Amino acid sequence: MTIRVIIVDDQAMVRAGFAALLNAQSDIDVVGDAADGVEALEVSGRTHPDVVLMDVRMPVMDGLEAARRLLDPSVPGAHRPKVLMLTTFDVDDYVYEALRAGASGFLLKDAPPADLITAVRVVAGGEALLAPSVTRRLIEDFARARPARRRDPKLRLNGLTPRETEVLELIARGLSNQEIAAQLVLAEQTVKTHIGRILAKLDLRDRTQAVVLAYESGLVTPGQ
């Protein structure tokens, strides 16, 4: 199946370069581009992409607000693509807020071309871009600098079994499914099943939101 992508960036050369790279892949099709968040909403509504590559800082409407609107769960029947944030900084307040809004991860603009291609495939496949653990480090940095309002984690996590809670903690520590399986002596498919149940029980979009919740609930603390 071909992955449909739109590229949102206020620099035309960036959009053209990313489009050329992605269109050269047999399984990726760039179906549109936009120079700001407002245009991104229009293009996404018209083309129904699988993945949106979203720059963080743009005029008119920035990438954070555009991501919020694209991923707004309160809009019934709306098409909600996976959103991959693009940034020039490896620690960015806007990116953290985008992860909380439901973005599936982030990628540095100066990452190697192969990383961009891989990121699109990973996000389109339903996985969050959490490994390598740059995203986890970003979340840790902001959890240290700006502690979330600590609610009793039991209020949100009490629907999980002890094993699911254990899996959630390992996800938040940046372990892959394979690493979790090895640590808990489980089959990798069993780990995937646990993750699916965790997301369903906690009404989470993907693995990234699970990591954010693990930190914000206090299940995992920075530097622990």
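In strand S4 (residues 82-87), Lys82 is the bridge partner of Val51. Strands here are DSSP runs of E, at least two residues long, and helices are runs of H or I, at least four; both are numbered from the N terminus. The model is predicted: local features need pLDDT of at least 70, side-chain atom pairs count only at pLDDT 80 or more, and totals for chains, interfaces and linings use all residues. Residues are numbered from 1 along each chain as its sequence is written, and side-chain values use heavy atoms, with hydrogens and water left out.

Start with strand S3 (residues 51-55). Five bridges join S3 to S4, and the two run parallel. Four bridges join S3 to strand S1 (residues 3-8), again in parallel. Ile6 has Val52 of S3 as its bridge partner. Two strands count as paired if DSSP finds at least two bridges between them.

In a regular strand the side chains alternate between the two faces of the sheet. Both faces of S3 are covered. Val51, Leu53 and Asp55 are buried on one side, Val52 and Met54 on the other. Buried means under 20% relative accessible area, exposed over 50%, and partly exposed in between (1.4 Å probe, protein chains only). Five of the five residues of S3 are buried, so the strand is largely enclosed by the rest of the structure.

Now take helix H1 (residues 12-23), which holds Phe18. Phe18 is buried, with a relative accessible area of 15%. Contact means heavy atoms within 4.5 Å. Leaving aside neighbours within four places in sequence, Phe18 is in contact with Ile7, Leu86, Lys109 and Leu116. The C-alpha atoms of Phe18 and Val30 are separated by 9.1 Å, and the two residues are 12 apart along the chain.

Next, the cores. A nonpolar core is a set of buried Ala, Val, Leu, Ile, Met, Phe, Trp, Tyr and Cys residues joined through side-chain atoms within 4.5 Å. The largest has 24 residues; Leu157, Val167, Leu168, Ile180 and Leu202 have the most contacts inside it. Helices H8 (162-172), H9 (177-184), H10 (188-201) and H11 each give two or more residues to this core. A second, separate core of 20 residues includes Ala40, Ala66, Leu70 and Met85.

Ile180 is in contact with Val167, Leu170, Ile171, Leu175, Val191 and Arg207, leaving aside its neighbours within four places in sequence.

Arg207 leads on to helix H11 (residues 207-216). 10 of its 10 residues are buried, so H11 is largely enclosed by the rest of the structure. Just after H11, Gly218 takes a positive phi of about 90°.
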